[in-house]
Amino acid sequence: MTHTLAVLVENTPGILARVAGLFSRRGFNIDSLAVGRSEDPGISRMTIVVEGDDSILEQVTKQLHKLIDVIKITDVTRDDFVDRELVMIKVNTETSTRAEIMQLVDIFRARIVDVGPKSLTIEVTGYESKINAFENSLRPFGILEMVRTGKVAMLRGFKSITISDHQKREETN
Amino acid sequence: MEITVAEALVRCLEQENVNLIFGYPGGAIIPVYDALYNSNIKHVLTRHEQGAIHAADGYARVTGKVGVCLATSGPGATNLVTGIANAYMDSVPMVVITGQVPVSQIGTDAFQEVDITGITIPVTKHNYLIKDPKQLSQVVRKAFHIAATGRPGPVLIDLPKDVAQAKIKFTYPRNIHLPGYKPTYKGHPAMISQAGKIIMESKRPVIYAGGGIRISNAAPELKELAETISAPVTHTLMGLGCFPGDHPLFLGMLGMHGTRYANQAVTECDCLITVGARFDDRVVANIEGFAPDAKIIHIDIDPAEIGKNVQAGLPIVGDVKQVLGKLLPLLKKRKNADWTARVQAWKKEYPLDYIKDGALKPQFVIEKLYESTGGDAIVVTDVGQHQMWTAQYYKFKEPRSFISSGGLGTMGFGLPAAIGAQMGASGQRVVLITGDGSIQMTLQELATAMEQGLPLKIFVMNNRQLGMVRQQQEYYCDKRYMAVDFQFDLDFAALAGVYGMAGYTVKTPEQLVDMLPAVLASPGPVMVNCLISGKENVLPMVLAGSNINEAID
């Protein structure tokens, strides 16, 4: 089973190495990892997609919590959530195929971000199955290059994954 | 007034009540040594960084304080790695400070540059590279807090030389902000009351207690628990000393080289009360066969230990002392007459034993050491057969009286750890039981021991080989002995003499018995070269894949 974890971490140098190293040395598999600043500049948010059963997920969560810089971990898959991934695909184009590709771009509500004499660079966002379908439909034309950001996710509705003001101020004596 | 970061570091250490540091200087850490020149903190210069880190470890284990170790960048820092990993595996509180090349040179493969924070991520509880001089006092305060609280462990601070020389206004922070670090001390009340119920309903309880008892100073609570419910107690290697070794309810150590009766009791118990232990593979052997009939209660401060190796029916995350304190009032005095009688019968039927054929047996040496010291000594060991024999045959009375490298199994730990232990417990007798293999890994620290005037009593279980590896090759490689014999016969008594230490060689049980009182009464350091049989095995032994009650002997 695949789980998507939203992990809030202190924005310190080396935090990515700590998290990535933890997964490799404990033998956990990461499907994808996306990281960036959160609404609070001191706090980064990682979205980690992990493959594994409940006991593996429990160990992943507990081991992550042992990292001093990890503040909060939420398994969004346990709730209603939306997730998205941004993908850029550079596809081979001939005069004869250009129109067909542009049609596919329309159907998948993707966007062309760069046009070259023999290529189109397309940006598409969405959930995984849509992106996979889009990728498959472009494959016959020849995909020259592809880059995916990895998934990011949020809970639906008013519920949010943030650090409370209380937690921000709290100090240890 | 502004002072240098190095001077501020020394002030921070003073604020943390550090009065002893083990270390080894070098280029990048010189500013810190210069700042130490005017401090009252005592610095012990070892002969190798590994000696310094193990000494700080031994000191921390004996005193319960945070051990502090200092080394330079590059090779100084990498020489610490084994010792840091050793402390991490056994949850020893330690603050390790390394020098680093100047910030502008970081990442350039500068002379004696190594990414020690990167290297030590997997073996530290946390680590810091200080790039901004203003961070210094916050970082040191956090490092000591993280090292000593929750499940203790080593924290490393990497200090670039130019940062150490920068000037700052010094204040020591009272409060620190660590939003991601909140150890759980109080156990969940509902879980504790459920544990009380399970224990009172059990017919065949066993207590399996580890190093967590020592760390949280819970030996009195452990004893009260055992006596209240008449449950036998078995210890892990790290737990030894927490429950009195001569107590009728004590079963000795369990696991791979545990006593038969401890392993049998765990196999047949219906309730296993696990306290401050982590179901290590050397304890559990075959997981399916471990305590198959038991409801497992697992009390530990580290939530990640719960369910890691063995699924606990009832987990309680919290400080062992606090949890036991809340659990005890829920229990009623009881005698499990049938169960107790069965366990006692196993103790009689399957005692620890060895063949007494007139040769000098290591087990005999340890028995005599126990008798002669009355158990009133701090016993430090190295790693190997002698370590297991010590765990089996010495009856420890007090927590922190047995110092040994458990999780990592670091040969070479013994001598420097004994130095640290003796410096942390100056009035007490420190006995080092080591092997001819182990002691040669950090032999250079004999000079440190002499320099510090430490009256260590060192017993080298000398079988001219790497006994534990030889034993494994005997069982697993059909006696194809490879790379386990020392062809060069080192005279340890003469070697002791070179270092200005009294040295003796004993070959027979009689010689040992004759010599022991004088050795132990001697005010100075002594090394006793015990020429033991080369064929002796550590028994019982649970072979790979077996259940713990299927040991051979």
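1. The side chains of Lys66(A) and Asp302(B) form a salt bridge, with 2.5 Å from N to O; the term denotes a side-chain nitrogen of Lys or Arg within 4 Å of a carboxyl oxygen of Asp or Glu. The count between chain B and chain A is one salt bridge.

2. This is a predicted model, in which local features need pLDDT of at least 70 and side-chain atom pairs count only at pLDDT 80 or more, whereas totals for chains, interfaces and linings use all residues. Residues are numbered from 1 along each chain as its sequence is written, chains are lettered from A in the order in which they are written, and side-chain values use heavy atoms, with hydrogens and water left out.

3. In chain B, 24 residues are in contact (heavy atoms within 4.5 Å) with 22 residues of chain A. The two chains bury about 2100 Å² between them, 49% of it on carbon and sulfur atoms; buried area is the accessible area (1.4 Å probe) that two parts lose on being put together, summed over both. Ile121(B), His177(B) and Pro179(B) supply 24% of the area that chain B buries against chain A, more than any other three residues.

4. A separate point concerns the interior of chain B. Ala231(B) is buried, with a relative accessible area of 0%, where buried means under 20% (1.4 Å probe, protein chains only). Leaving aside neighbours within four places in sequence, Ala231(B) is in contact with Pro205(B), Ile207(B), Ala226(B), Leu249(B) and Asn336(B). Between Ala231(B) and Leu254(B) there are 15 Å in space, C-alpha to C-alpha, and 23 residues in sequence.

Conventions:
Buried < 20%, exposed > 50% of the residue type's maximum accessible area, 1.4 Å probe, protein only.
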